[in-house]
Amino acid sequence: MATPGTAFDMQFTPLLPSQLLLGSPFQPGTPGAFGSPHRTVYLGNIPPETSAEEILGHVRSGQIESVRLLPDKNCAFISFLDASSATHFHSDAILKKLCIKGQDIKVGWGKPSQVPTSVALAVQQSGASRNVYLGNLPEDITEEELREDLGKFGAIDTVKIVREKSIAFIHFLSISNAIKAVMQLPQEPKWQAPRRVYYGKDRCAYVSKTQQQNAAQYLGIAPGYAHMLTGADRDLISSALAQQSVAAAAVATTAGGIANLGNRTIYLGNIHPETTIEEICNVVRGGLLHHIRYIPDKHICFVTFIDPTAAASFYALSNLQGLMIHNRRLKIGWGKHSGGLPPAIALAVSGGASRNVYIGNLDETWTEERLRQDYSEFGEIELVNALREKSCAFVNFTNIANAIKAIEAVRSKEEYRKFKVNFGKDRCGNPPRQLQQQQAQSPRSEGVPAGVPSPPPVGSQNGNSPTNSGSPPPQLFNGANPLTMYLSQVSHQAQHQQHQQHNQLVAQQAALFGTAQSSPNDVTLDGPPQGPSSGHQQSASISNGYPGNVTSSGATTIGGLLAPNNRGQHSRAVSLPVLAPGFENGAPTPNSIPGNEGERRGHQYQASYGGMGAGYGLGLQGGLNGWVEEEVAN
């Protein structure tokens, strides 16, 4: 279906898991490949009378060039300035199951288009955005007056007045309309000096602290240096978060099938009878918790994260390293699908909410018992930790909703008026210590040079006291990425299982027909025929069950870059993962860890992993941080 006479033809792709990578940097030649004009995201099934402000309240991936609403078709097209921001929003909306007014939104791609030349020049030369900044405003200015004065330049998204600073911000639905306002408004007598009219920052391009930390983790940047990623690195952050969303989707669906996409709940089993909920929270790391439900009688627990990416990372790391409490290894799995994060919780989290309540300026009369008694009326408490030397305390709830309710209630109580009550830091959101320890124990893993120390653990056991200032500073890069590490391990396991099945088949054939059994080192996977090359050997990729295209020139790409053909001294190949048949349909992962796959020189054909349910596959092709590059001497 198309809208005649517009540039926003509806090339809508249904919400299929096989499309998760469409437009991601993982797939060369797709909309998200850098330099591609495919920067428009389609949103369908939008509830009637939904405003642009409500829609754009869900966008935090990058600067928007224009927004077009089609109420009669219940859809919208959001065009970003760059493809990486569009890819980030697209993949994130699918993973988190974008929901507006309780209605699931369809996500797809609009028609490819270039950024208008006039807009591109204004952005480059003047820092143009769709947000217009107004300064030195009179005290009695009203929102209606601003809408009347600026509405003639185009449709307005939001108007925000900051009266204490005598300024205002007006977001238009397109940068071109904002350019008109900035150029023409100062020519009107009412808006001449001392009034100020210029560009502000697009609210959809704001880099949150959570985004900063997630991107740093995916890029392998040590926790101590996550702050080095700023708004100036928006393209890098968008690209990293888009890749992280795709990898998280792959982890979730390889284990639980397509129905598990976007799940935020992890199952923990085989828990020791003496284990407390505090001890469980002490080993949960990597993301803020929505709620945690412990059932001691059944020795199980369900941990629900705020972010499905954090849930997938925790699942991946726990399967890689194991999770131990009271010297008992816990079972790790996926719980019942959590559904999307409730909008009220999402809004509170964006404002700094967590399940941890901080109470400051306490005197000695306030004990942990008294605090527990006061706060228990709002819900189950996981931990109360009073720090006498700092005259403060932390009350950790098992549900973030109860913490939000508690803060709203106690602030109105007379006895708490003299205290500072706010949200504290959820220690479960600290970086995983186990992964850091693994980097120290296995310095060769994931490209970390031998002898490079890993960053120290962040936070104490209870997560409420400061870190040890005497610990050595962390390295800038620790190479730790549990998502791709897990996918790589699963792929090797599946490849090992596939080799075993092949060897069994060969042995059966030898017994039946008396033929000689092939050597394990001669086992290869079927792939397209290789052309002659002077050093490089190609790796085949299979997406959705079909071999990927191989360029006729025989060129090899490594990490998304074109590798030179003439390498006389050595061959270079990227190890891509492969899954055994049936694994992509949710079959259990093999328990065996592959050993030496043979001393074959060169590189075998390997397939990219599936895992999106029957008929679907995630064709990850290159660009994965930390995947092994092998140097094979000729």
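**A helix and its surroundings**

Guide: In this predicted model, helix α12 spans residues 400-410, and its buried residues are I400, N402, A403, I404, A406, I407 and V410. The elements that cover these buried residues include the helices α10 (343-350) and α11 (368-375), together with the strands β12 (289-295), β17 (356-360), β19 (392-397) and β20 (420-423).

Strand β12, which is among the elements covering α12, leads on to an open sheet of four strands, arranged in the order β12-β13-β11-β16 with antiparallel pairing. Because β12 and β16 (331-334) stand at the edges and have a single partner strand each, one side of each is left without a neighbour in the sheet. On average, and with direction ignored, neighbouring strands of this sheet are turned by 20° against each other. Within the sheet, β11 (residues 265-269) runs antiparallel to β16 and is joined to it by four bridges, and here Y267 stands opposite G333 of β16.

Another helix, α8 (residues 277-283), contains N282, a residue that counts as buried because its relative accessible area is 6%, while the cut-off for that word is under 20%. Although N282 and C428 are 146 residues apart in sequence, their C-alpha atoms are 7.3 Å apart in space.

Methods. Residues are numbered from 1 along each chain as its sequence is written. This is a predicted model: local features need pLDDT of at least 70, side-chain atom pairs count only at pLDDT 80 or more; totals for chains, interfaces and linings use all residues. Side-chain values use heavy atoms; hydrogens and water are left out. Buried means under 20% relative accessible area, exposed over 50%, partly exposed in between (1.4 Å probe, protein chains only). Helices (H or I, at least four residues) and strands (E, at least two) are DSSP runs, numbered from the N terminus. Contact means heavy atoms within 4.5 Å. Two strands pair if DSSP finds at least two bridges between them. Axes are lines fitted to C-alpha atoms, for helices over the stretch in contact, and angles run from 0 to 180 degrees between N-to-C directions.
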